[in-house]
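Colleague: Could you walk me through the pockets and the ligand in this one? I have the sequence and the model open here.

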Amino acid sequence: MALKFITDENFKTGAKDKKILARFDFNVPMDKNDHTKIADTTRIDEAIETINAILECKPKKLIVMSHFGRPNGKVNPQFSLEPVAKYLAEKLGQEVLLTETALDRGIKTLLNLNESKIIMLQNLRFHPEEENNDRDFARILSTYGDLYVFDAFGAAHRKHASTYEINAFYKNKAYGGLLLKREIEALDKIVNDPVKPFVAIVGGAKVSDKIKIIDRLLVSVDKLLIGGAMAYPFLKAQGHEIGKSLCSDEDVILARRILGTPSKGKIVLPSDHIVSNTFGGAPEEVGQVNIPDGKIGLDIGPSTLVNFTDYLAPAKTVLWNGPMGLFENTNFAKGTLGIAKVLSNLKAFTLVGGGDSVNAVKLAGLSDKMSHISTGGGASLEYIENGTLPGIQALKFGID
Ligand code: AMP
């Protein structure tokens, strides 16, 4: 069964004068000092194309829904979707009416009023039933729309009521949005026969979080470049000194296992480092693989960056997930920003996934130089691991 998108003729003709219930991922980061200000609007901006495409079909109403933060099943004004509704209304140049809760008795009335085409349901996670994938909650949501559109790629790895169970009520009436389409098309270039040479760069802090993706990537990559704190368990497993760098015994065991497989020849590790005495301390260059006693490795060194650049130069497909160091501190950002710069100059399909590497690319002002920047960190990793996601499977095959 093929996945149907809103570009399908059945949707275009079927949506006219109907109520469309659409699930987006509006879980945007907020400004740390001002909880009403959106720090990064990308996820909302990326949904606009789908919203406009739905509106072009002249539906009676468009009911949009999303989760926002972690209110743990309780109403909490700090996690109100109000700033999102306001921003969306500005972007679209039309009213977006926010309901009090997703189960508001007034919603049925709103749906029958002529004014306000767009209604936004309040944060779905104010109700524990959302994360519990509750069928009755999904059924109530489904009473709001005749057709269902799923465009929440960033939440597609979750089996929640609005992303998964709801499909039980939309047999042959469920469609993917345009962001979902773009994400799937891009990720499939990594998952299905990537154009060779295929080089992946994996960084960040914990091996255990990314062990499955490393195993999966080692099957298809030509080279796997490992940087950030992720590299230290591998270096330690090889018998190198890593000083006081971040590294758990559990991660060393995982790294040792990977280095014991025939794929170990594909792994490239740092050969020099930027270190410091403390996490906030002054940067020092260590021009060798061993990190002296008492020092913390906080970035890849300049020779490593040159070495990684050489491996990336011939690549035709590149996947990047996770920073090369503690890049939030400019003293330790050179490796991460350097990788962003190298990728921006490649004649290759470049896919950046994972919150921190995406932030680094934005920080470097190079977002538009990448072939695809995934809006879903966890979702993009799970898609690469498994070739699909629960929310996509449910959309494709339905739920009994
Ligand atoms: P992850 O969520 O696993 O991708 O980890 C991202 C986090 O790892 C970022 O906050 C980085 O600052 C941090 N990180 C990367 N390299 C290092 C390092 N060498 N030492 C400490 N933290 C690091």
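**Ligand, pockets and backbone**

Modeller: The ligand sits in the second largest pocket, where sitting there means that more than half of its atoms lie within 2 Å of the grid points. On a 1 Å grid over the protein atoms alone, a pocket is an open set with protein on both sides within 12 Å along at least five of seven lines, a cavity is a set of points where a 1.4 Å probe fits but cannot get out, and lining residues have an atom within 4 Å of a point. This is a predicted model, in which local features need pLDDT of at least 70 and side-chain atom pairs count only at pLDDT 80 or more, while totals for chains, interfaces and linings use all residues. Residues are numbered from 1 along each chain as its sequence is written, and side-chain values use heavy atoms, with hydrogens and water left out.

Colleague: Which residues come nearest to the ligand?

Modeller: Ala205, Lys210, Ala229, Gly297 and Glu328 come nearest, out of 16 residues around the ligand, a residue being near if one of its heavy atoms lies within 4 Å. By class, that shell holds eight nonpolar, four polar and four charged residues; Ala, Val, Leu, Ile, Met, Phe, Trp, Tyr, Cys and Pro count as nonpolar, Asp, Glu, Lys and Arg as charged, and the others, Gly among them, as polar.

Colleague: And what lies 2.9 Å from an oxygen atom of the ligand?

Modeller: That is a polar side-chain atom of Lys210, and a backbone N or O atom of Ala205 lies 3.0 Å from an oxygen atom of the ligand. A polar backbone atom of Gly297 is 3.1 Å from a nitrogen atom of the ligand; a polar contact here is a pair of N or O atoms within 3.5 Å. The protein covers 82% of the 510 Å² of accessible area that the ligand has on its own, by the Shrake-Rupley method with a 1.4 Å probe.

Colleague: What about the largest pocket, which helix gives the most to its lining?

Modeller: H14 does, with five residues, and helices are DSSP runs of H or I with at least four residues, strands being E runs of at least two. The pocket has about 1200 Å³ of space, a volume being the space filled by probe spheres set on the points. Its lining has 37 residues, with Asn27, Val28, Pro29, Arg43 and Gly355 nearest its centre.

Colleague: How many cavities of 30 Å³ or more are there?

Modeller: The search of the whole structure finds one, with about 60 Å³ of space, and its lining includes Phe24, Arg43 and Thr375.

Colleague: Changing topic, where is the cis peptide bond?

Modeller: The cis bond joins Lys196 and Pro197, with omega about -5°, and Pro197 is found in the loop between helix H8 (178–191) and strand E7 (198–202).

Notes:
Polar contact = N/O pair within 3.5 Å; in protein donor to acceptor, adjacent residues only side chain to side chain.
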